[in-house]
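This report concerns the pockets and the helix packing of one protein structure. The sequence and the model are shown first.

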Amino acid sequence: MTTPRIPAERLTLEGVTPSAAAGLRAGGGGGFVWLDGGPFEGTRDAAGMMVRAYVSGVHRPEFGMYVLVRRQDGRAVGSMCFHAAPDEDGRTEIGYDLVEAARGHGYATEALRALAGWALARDDVRRLFAVVEHTNAPSRGVLERAGFVKVGEGDREDAYELRGRPRPA
């Protein structure tokens with residue numbers, strides 16, 4: 001299976017195969033060399049989501065999981081994933097996670113801009129959606145720097161969205 005690759009300035013977003021996702025979920029590195037010895041728990045949870053999508057027959061590689069690999073040293077610093085392929089309205093949700101040592105260096109913002117640009121250039125994606133806890137100010141900052149706007153507020157979480165250019169009818 002060919003995995004997608006999306007370039008960014010200092011990173012490459014490397015598509016994850018179902019077998020690599022299974023390895024990540026089981027506690028391994030998924031074939032990547034990780035900064036700080038391994039991914040953060042959100043990456044392992046996302047890998048489990050991807051494995052379930054593959055087993056149920058709904059996995060689309062381009063709308064799966066990406067590991068953020070630094071070009072300078074080949075180390076994986078986090079992951080970014082789609083929660084599913086876009087729905088009939090062209091909407092899909094994304095999530096992301098960085099190892100603690102990689103936080104605060106702009107990697108998540110850089111990767112999110114690259115992934116959002118790639119996704120919104122497609123004909124089947126019109127809106128990207130993300131949910132973040134009120135207490136997670138750094139993650140809200142990533143979304144806002146990448147151009148997302150708050151579209152809803154819940155008891156514990158805020159909803160953000162980034163819209164692409166309108167498509168001709």
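The sections below treat the pockets and then the helix pairs of this predicted model.

**Pockets**

The largest pocket holds about 790 Å³ of space. Its lining comprises 32 residues, and those nearest the centre are Gly95, Tyr96, Asp97, Asn136 and Ser139. Several elements take part: helices H2 (41–55), H3 (107–120) and H4 (137–145), together with strands E5 (75–82), E6 (91–98) and E7 (127–133), each contribute at least two lining residues. The greatest contribution to this lining comes from E6, with 6 residues. By class, the lining of the largest pocket contains 16 nonpolar, 10 polar and 6 charged residues.

At least two lining residues come from each of H2 and E5, and H2 gives the most, with 4 residues. The lining of the second largest pocket divides into 11 nonpolar, 3 polar and 1 charged residues.

**Helix packing**

| Helix pair | Angle between axes | Distance between axes |
|---|---|---|
| H3 and H4 | about 40 degrees | 9 Å |
| H1 and H2 | roughly 135 degrees | within 8 Å |

H3 and H4 pack at an angle of about 40 degrees. H3 is therefore oblique to H4, and the crossing of these two helices is right-handed. On the H3 side the contact involves Ala108, Thr109, Leu112 and Arg113, and on the H4 side Val142, Leu143 and Arg145. These contact residues comprise 4 nonpolar, 1 polar and 2 charged.

For helix H1 (residues 18–25) and H2, the axes cross at roughly 135 degrees. H1 is therefore oblique to H2. The crossing of H1 and H2 is left-handed. From H1, the contact is made by Pro18, Ala21, Ala22, Leu24 and Arg25; from H2, by Glu41, Arg44, Asp45, Ala47, Gly48, Met50, Val51 and Tyr54. Sorted by class, the contact of H1 with H2 has 8 nonpolar, 1 polar and 4 charged residues.

Notes:
Residues are numbered from 1 along each chain as its sequence is written. This is a predicted model: local features need pLDDT of at least 70, side-chain atom pairs count only at pLDDT 80 or more; totals for chains, interfaces and linings use all residues. Side-chain values use heavy atoms; hydrogens and water are left out. On a 1 Å grid over the protein atoms alone, a cavity is a set of points where a 1.4 Å probe fits but cannot get out, and a pocket is an open set with protein on both sides within 12 Å along at least five of seven lines; lining residues have an atom within 4 Å of a point. Grid points are joined across faces, edges and corners, and a volume is the space filled by probe spheres set on the points. Ala, Val, Leu, Ile, Met, Phe, Trp, Tyr, Cys and Pro count as nonpolar, Asp, Glu, Lys and Arg as charged, and the others, Gly among them, as polar. Axes are lines fitted to C-alpha atoms, for helices over the stretch in contact, and angles run from 0 to 180 degrees between N-to-C directions. Angles under 35 degrees count as roughly parallel, over 145 as roughly antiparallel, 65 to 115 as roughly perpendicular and the rest as oblique. A crossing is left-handed if the near helix is turned anticlockwise from the far one by less than a right angle, and right-handed if clockwise. Contact means heavy atoms within 4.5 Å.
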